Amino acid sequence: MADAVHPTDNVVETNTPSTRARVQAFGGFLTNMVLPNIGAFIAWGLLTALFIPTGWIPNEELAQIVDPAIKYLLPLLLAITGGRMVGGQRGAVMGAIGAIGLIVGSDIPMFLGAMVIGPLGGWIIKKFDSLIENKIPAGFEMIVNNFSLGILGFLLMILSFFFIGPTIESANNLVTAAIEALVATGLLPLLSLINEPAKVLFLNNVIDQGIYYPLGMQAAAETGKSIYFTVASNPGPGLGLLLAFTLFGKKTARRTAPGAIVIHFLGGIHELYFPYVLMKPLTIIGMIAGGMSGIAVFSLFDAGLVAGPSPGSIFAYLGLTPKGNFIGIIAGVLVAAVVTFLVTAFILKLDRSSEDEDISASVEKSKAMKQEGKMVSANSQENQEEINKISFACNAGAGSSAMGATTFRKKLQKNNIEGIEVKHYRIEDVPQHSDIIVVHEDLQERARRAHPDKEIITIENYLNDPALAQLMERLKRD
C-alpha cells in the first residue's frame with residue numbers, strides 16, 4: 001500500500017542514501033543520456049537491417065552509411081547529451097571535443113567511452129566556469145569563454161586520444177570477453193540471475209543502457225544483429241507473470257493485472273509488473289526461469305535484434321528483428337512467457353495466505369496513511385496553500401511516470417478540477433515549483449534525497465492506488 005510522506009520526515013534519511021538509491025540515480029543518469037538518442041539508434045538499426053549484404057534489400061551504396069554512423073554519429077550524440085546534462089551547452093561542446101579523440105584513437109565503436117567523456121567534459125567546464133565566475137573584466141566575457149572552452153577541449157581531446165580511449169577500450173574488451181565466454185559455453189542464460197532481480201529493484205537502466213546496449217551495438221556493427229539487446233528487455237517474462245496474477249492472484253492483483261498486461265506487453269513499460277513481484281517476492285523465481293528460457297531459445301535460434309528496443313514492447317521487438325530471425329525472436333518471447341506463467345502460477349497456488357491477512361495488513365498501512373494525510377491536509381488549510389503543480393517522477397521520466405501523469409490528468413478533467421498542472425519527469429529533474437511529487441515506493445528514498453523540501457506521495461500501483469484516490473479526494477475538497 002502506498003503512503004504519503006510529509007517533507008519534515010525526510011531530514012534524517014536524506015543524509016544516508018542507500019547503495020540501491022545511489023545505483024538507481026546512476027541508472028537514471030545513464031538512461032537520460034541514452035533515451036533522447038534512441039531514435040538515432042533505431043535509425044541505424046533499420047539502416048543495417050535493410051541495406052547490409054545480409055539485409056532485406058541489400059544496397060552497397062546505402063550500406064556505406066552504416067560504419068560512419070556507428071563510429072561517429074552515435075557516440076558523438078551520447079557525448080553531447082551527457083555533456084549537456086552536466087554542463088549545459090558548453091558541456092555539450094566539451095563532450096563532443098573529447099569524444100572525437102576517443103573515436104579516432106580506438107578500433108571499436110566508443111559508446112562506453114562517450115558515456116564517460118561526455119559527462120566528464122561537462123563537469124570540467126562547469127567547474128572552470130564556477131572558478132572564474134564574477135572574475136572576468138567587463139567586455140572580456142566572450143573571449144574568455146571561447147578560449148577557455150577551446151583550450152580545455154583541446155587538452156581533453158589529446159588526453160582522450162592517448163589515455164582515456166585506450167583504457168576504456170581495454171575495460172570494454174574484458175567485459176566483452178567475459179560475456180562472450182558465457183555465450184561460447186552456453187551459460188548466457190545465467191545472466192537472468194542478475195537481470196531479473198535488478199530490474200524489479202529499478203536497476204534495469206543500469207544494466208541495459210550501461211552494459212548490454214553498448215555491447216549490442218558493437219556486435220550489431222559486425223553481424224547486423226545482437227542477442228545482447230534481448231537478454232534484459234524480453235517482454236515475455238513480464239507477460240507470463242501478469243497472466244498468472246490475472247488467473248490465480250488475490251482480489252486486487254487479479255483486478256489490476258489485465259490492464260498492466262496491455263501497458264507492459266504492448267506499450268513496453270516494464271515497470272508495471274515490478275510491484276507484483278515485490279508483493280510476492282517468491283515470484284522472482286518465475287521471472288528468472290522465464291528470462292533464462294527466453295535467452296536459451298534466442299541462443300538456440302541464433303536470434304538477435306538490430307538495435308535496443310526502447311520501450312521494450314512486442315512491437316519494438318518485431319520492428320527491430322532482422323531478416324531470418326522472426327521465428328527465434330517470437331519463440332524466445334513466447335517460451336519466456338509460458339515458463340514464467342507456469343512457475344508463477346504454481347507459486348501463487350501454493351500461497352496459503354488469505355485475503356483477510358492481506359486486508360488486515362493493508363488496513364494498518366491505510367490507517368497510517370490516513371493519519372499522515374490528515375496532517376498534510378491540516379497544514380495545507382492553516383497555510384492556505386494552493387496545489388498548482390503535481391509532478392509524477394520515475395527513473396527515466398519517460399515510462400511509468402508518463403502513464404501515471406496522463407491517467408491522473410484525465411481523472412482531474414473527469415472531476416472538473418482545473419488549474420492544476422500534471423507532468424512527468426525524471427526524479428532529479430522535477431521542477432522546484434512542484435507542490436507534490438508522486439513516485440513509486442521503491443524510488444522513495446531517491447526522491448527524498450533529491451527533493452527534501454517537497455511533499456512526496458509514494459504509490460505501489462500505477463493503475464489503481466489508494467494514495468492517488470486519496471489525493472484526488474483531497475483536491476476535490478480544496
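Two strands count as paired if DSSP finds at least two bridges between them. Strands (E, at least two residues) and helices (H or I, at least four) are DSSP runs, numbered from the N terminus. The model is predicted: local features need pLDDT of at least 70, side-chain atom pairs count only at pLDDT 80 or more, and totals for chains, interfaces and linings use all residues. Residues are numbered from 1 along each chain as its sequence is written, and side-chain values use heavy atoms, without hydrogens or water.

Strand 4 spans residues 436-440. Strand 5 (residues 455-459) runs parallel to strand 4 and is joined to it by 5 bridges. Here I436 has E455 as its bridge partner. Between these two strands the chain passes through helix 16 (residues 444-450), and the β-α-β crossover is right-handed (with the strands pointing away from the viewer, the path from the first strand over the helix to the second runs clockwise). Strand 2 (residues 389-394) is also parallel to strand 4, with 3 bridges. F392 is partnered by V438.

Strand 4 is mostly covered, with 5 of its 5 residues buried (under 20% relative accessible area, 1.4 Å probe, protein chains only). In a regular strand the side chains alternate between the two faces of the sheet. In strand 4, I436, V438 and H440 point one way, and I437 and V439 the other.

Terms used. Buried means under 20% relative accessible area, exposed over 50%, partly exposed in between (1.4 Å probe, protein chains only).
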